[in-house]
Amino acid sequence: MDLPVDEWKSYILQKWSLLPKSIQVTISTAETLSDLFLHSSSLLQPEDEMFLKRLSKGYLVGKDPNAPLFYREEGNKKFQKKDYMGATVLYSKGVSHSRPNSEDISLCYANRSAALFHLGQYETCLKDIVRAQTHGYPEGLQPKLLLRKAECLVTLGRPHEASQTISDLESNFAAEPTLAASQFQILQRTLCRLKVKVQEKGNLTETSPAALTKAFEDMDLREENEQISNTSSSVSLCTDPLKGRYLVATKDILPGELLVKEDAFVSVLNPGEMPPWHHGLESKWDTRATNADLYCHRCLKHTLAPVPCDGCSYAKYCSQECLQQAWDLYHSIECSLGGLLLTLGVFCHIALRSTLLARFEEAGKVINKLCGEITNRDICLPESKNLTQILSYDLGGESKKKGKTVETPIPGCDINGKYENNYNAVFSLLPHTGNHSPVYKFLCALSVSALCRQLEAVSLQAFTTGLKSSKLKAAAAPMLYPELNIWGVAMLRHMLQLQCNAQAITTIQQTGSEESLITDSRQVCLATGLFPVVSLLNHSCSPNTSVSFISTVATVRASQQIRKGQEILHCYGPHESRMGVAERLQKLRSQYFFDCNCPPCEREKQRPSQGPRWEAFCCHRCGALLQGGDVLSCGSTSCMESVSRDHLVSQLQDLQQQVGMARKLLRNGELERAIQLLLGCQHDAESFLLAEHSVVGEIEDDLAQAYAALGKGTGRSQPPIYRRVSEWWRFATGHPVLRWAMNSSNWPKSSSMGLQYPKL
């Protein structure tokens, strides 16, 4: 869903093929993004917009007044079958289609609270009870809602509140008895039981929810970088004419050390598998649960009880706070465009949201950058540069002023040389305009043009609501409406940036039924985001870092020891353990527009044609590829080692068994033991497997998952094992006797616990 739907892509491809050759050449050779946008935009015809509008109508994003009853009844069926999770999802869909302060929304909230109660989600159940009452839950049904509230409070160890709720219920019922005799008897028995529970728990100390969550605070960087925001002081930003900006280690870094912790500048939820495009009544009321139903559309937090937007049925949030923040920042504009944005894809959505978020930074600079003149001091561009010139200007290199050569700072940095997570940094990411195919540029430009036409139809007053002063609003408003093309050029730049700079925000989802004794997990793409700092990391097919995500926050950890002066490297996807060199080079060239020359690629280019990656055995003496049949010989002419294939296969099977044990520990939450065992597996693998062997990649993936889980659970910047090791390591490497001992053949490989000792 990053790109537009297939129907729109096919339509644009056909439109491109029917264009006169001269127009194709004009678009293909456009020197600036402004020229590309304006030429393409002039070709967008009313029939094109009508076709796109028909596609957009295939997504049910408005509030259908008939849907709440349908989803409530379907949820009741699940509830009766004790499928409380399925019932919760369906009640949530009913909530999303309900209007505020209606009986529909109050009934859906109340029913969802019942399902949440059976799922043991008592705090969330209480919130839904309050929501049901706020939206006008029928007075005659209040007793069962209050009973549920009292049950939750008792279970949560809050007897005083439970007692007050019971008193309120008794008072209300005494004033207006509305229940039949049989219902009254049930109520009385339930109240008596609750009173007993309240008395039993009355002497217990009530637990503060804040105290429970305090232990799970996010990890922080131990010492933040003064040059790069959200980055460890162990890292420095450099630039090179050939490879651009990159990060290097300023000191020795050990495995597990936290290097970057960055919140996305912008992110958009991947909606998952959306319902097929049909006209039937049953098909549009889809009962499947997608990412859009289960995760907050702002912070990406998993939620069983989303709070929907008041204006549409698509956008959902984990709380009223997230809803309000999203509305203030961008959703007030996006709300009426939901179907169009789903049709045009996530990249186009991110492009729009990035420009909307730009309004909330230093407004003077944003307006200068997007709409008017810009001074040399702002981002060190030549004077009198408007947006069109900025977009075509090479942000790297040098600028000349008054006959003197003035060296510009690293692109994306402010005048003080600091690189921050802001719109300036996002703007500096390269769009690679010259590398994209003409058809792709035409698709992006026409998609953005269609979006701009819809923005013209929507009131643009909200476009200026985020600017910081009324004086600034007055100055900006006249420029925004007649000059919407300026915003279009900016959005086109962002859309072209995303192919090389977008980061897939992933999460681990469990698979298999609850009844199954065996569960599995898989990594899924939850959202797409822009991380200006993470984008500084260059690619390696054998990286020295791993990236993981908690909501919208990316954490980058060292996955191996990184020496002072070494570059910090990240894998863009093609990894040596998962695909051969030819496939990696092709993927990197087609998506990222560069030829990879990392050590694994250079090493593999020199090797003869190999067998499958799962048979990539290496010589334990020199590390060269082993070749042959039943007996494998070292491929190096200077080495005479040979070994039985059966012996290596047996060794591999033992290793895979150890990895399986580590995964079991990982699933059981025994993270430190899992890491120790995986490090031992990694050490053993290096002695007989090439780096591109699939098992080596699996071990690295498991270690990355363990590091992320350990950091999240402990609230520490570095796993405790490695903090102790790092202190000892820095001492040992500076001690000549210890350095000699660690390099000697008598230095032990591991402790009695299985923790691998490092060698220099």
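A crossing is called left-handed if the near helix is turned anticlockwise from the far one by less than a right angle, and right-handed if it is turned clockwise. The model described here is predicted. Two packed helices are described by the angle between their axes and the distance between the axes.

**Helices α27 and α28**

- Helix α27 spans residues 645-667 and helix α28 spans residues 671-686; their axes cross at roughly 160° and come within 8 Å.
- Angles over 145 degrees count as roughly antiparallel, and α27 and α28 are therefore roughly antiparallel to each other.
- The crossing in which α27 passes α28 is left-handed.
- On the α27 side the contact is formed by L655, Q658, V659, M661, A662, L665 and L666, and on the α28 side by L671, R673, A674, L677, L678, C681, D684 and A685.
- Sorted by class, the residues of this contact between α27 and α28 comprise 12 nonpolar, 1 polar and 2 charged.

**Helices α1 and α4**

- Helix α1 (residues 6-18) and helix α4 (residues 46-56) have axes that come within 10 Å and cross at roughly 165°.
- This angle makes α1 roughly antiparallel to α4.
- The crossing of α1 past α4 is right-handed.
- From α1, the residues E7, W8, Y11 and K15 take part in the contact, and from α4 the residues E47, D48, F51, L52 and L55.
- The contact of α1 with α4 has 5 nonpolar and 4 charged residues, with no polar residues.

**Helices α17 and α22**

- Helix α17 packs with helix α22 (residues 438-457) at an angle of about 55°, and the two axes are 11 Å apart.
- That angle makes α17 oblique to α22.
- Their crossing, that of α17 and α22, is right-handed.
- F347, C348 and L352 of α17 meet Y440, S447, V448, L451 and L455 of α22.
- In the contact of α17 with α22 there are 7 nonpolar residues, 1 polar residue and no charged residues.

**Cavities**

- The structure contains 4 cavities of 30 Å³ or more.
- The volume of the largest cavity is about 220 Å³.
- The largest cavity is lined by 20 residues, of which H297, Y314, E334, H349 and R353 are the closest to its centre.
- Two or more lining residues of the largest cavity come from each of β4 (266-269), α15 (320-334), α16 (338-344) and α17 (346-358).
- The lining of the largest cavity divides into 13 nonpolar, 5 polar and 2 charged residues.

Note on methods: Residues numbered from 1 in each chain as written. Predicted model: local features only at pLDDT ≥ 70, side-chain atom pairs only at ≥ 80, totals over all residues. Heavy atoms only, no water. Axes fitted to C-alpha atoms, helices over the stretch in contact; angles between N-to-C directions. Helix = DSSP H or I, 4+ residues; strand = E, 2+ residues; numbered from the N terminus. Parallel < 35°, antiparallel > 145°, perpendicular 65-115°, else oblique. Contact = heavy atoms within 4.5 Å. Nonpolar A, V, L, I, M, F, W, Y, C, P; charged D, E, K, R; others polar. 1 Å grid on protein atoms, 1.4 Å probe; cavity = no way out; pocket = protein on both sides within 12 Å on 5 of 7 lines; lining within 4 Å. Points joined across faces, edges and corners; volume = space filled by probe spheres on them.
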